[in-house]
Amino acid sequence: MSDQYETKPGVRLPKPEDARPKRFYEQVRVERGEAGWSVLLDGRGVRTPAKKVLAVPTAPLAERVAAEWSAQGERIDAPSMPTTRLCFVALDRMSLAHAETVAEVTRYASTDLVCFRAPEPQELVAAQAAAWDPMLAWAEQALGAHFVAATGILPIDQDPVALQRVMAIAGEQDHWRLTALAHATAVTGSAILGLALLHGEIDGGEAFALSSVDEAWQAGTWGEDAEVAQRLALLKAELVAVDAMLRALDAGGPA
């Protein structure tokens, strides 16, 4: 096994300390330019993996990225910089993969986490219903998308109109918000939860709690596993970062 491995899409456990690049800068600041708000390290702009200038649409989002760079110690820990990584994806990939990403979000909706229910035990069945039924009601009321829940692992034939609504809403998003939506959807396994986060119906912590109902029940029943707890902590941090990114975008107006 390599020194990194994925927990859910886009989330990796940290590398060993000595494998991380050394911090190469002292000062971090934010500056407004023609392309947007940039983060400067010792006066030089941050570059994406594709060598683009890291310029974001709003000052609050730039400040969040800058805070991640400022918080680095002797070595740079990429997993601790989720906002920066999301911005890299938005800049480097989303212009080329917008339609593909919309389709992927829609595929998640067709097999959405909150629609697949356990047949037993009754305590887990009740926990899932209490957490997920309100999300299905929200999707129908707010999005005009009616989803049905079922027990077992067999595929559910969801209403094509519901899937079309998800596709339309995802397709309306700019690169920044679609990146956030797609990441939240992948981390939670639920387009419904991703859309609820996008619309501000839930926050990042709530999205994590709703997406980890099964894990919480297992921990309460059988006890907590340290490795599972570590992975879950990383997933929660990712969703909190997605939420913060969306609110930072909203705080600065349209992208």
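1. The count of disulfides in this predicted model is zero, the criterion being a pair of cysteine sulfur atoms within 2.5 Å. Cys-87 has a relative accessible area of 0% and is therefore buried. Cys-115 is likewise assigned as buried, because its relative accessible area is 0%.

2. Helix H4 (residues 122-143) and helix H9 (residues 213-222) have axes that come within 10 Å and cross at roughly 145 degrees. The crossing of H4 and H9 is right-handed. On the H4 side, the contact is made by Glu-123, Leu-124, Ala-127, Gln-128, Ala-131 and Trp-132; H9 contributes Val-213, Asp-214 and Trp-217. Sorted by class, the contact of H4 with H9 comprises six nonpolar, one polar and two charged residues.

3. Is Glu-238 buried or exposed? Its relative accessibility is 4%, so Glu-238 counts as buried, the cut-off being under 20%. This residue belongs to helix H10 (residues 226-251). Glu-238 and Pro-82 are separated by 156 residues in sequence, yet their C-alpha atoms are 6.2 Å apart in space.

4. As to confidence, the chain has a mean pLDDT of 91, and 91% of its residues reach 70 or more. Residues 1-8, however, have pLDDT below 50; this stretch has 20 contacts in the model beyond near neighbours in sequence. Where pLDDT is low, predicted coordinates should not be read in detail.

Terms used:
Residues numbered from 1 in each chain as written. Predicted model: local features only at pLDDT ≥ 70, side-chain atom pairs only at ≥ 80, totals over all residues. Heavy atoms only, no water. pLDDT = per-residue confidence, 0-100. Contact = heavy atoms within 4.5 Å. Axes fitted to C-alpha atoms, helices over the stretch in contact; angles between N-to-C directions. Helix = DSSP H or I, 4+ residues; strand = E, 2+ residues; numbered from the N terminus. Left-handed = near helix turned anticlockwise from the far one by under 90°. Nonpolar A, V, L, I, M, F, W, Y, C, P; charged D, E, K, R; others polar. Buried < 20%, exposed > 50% of the residue type's maximum accessible area, 1.4 Å probe, protein only.
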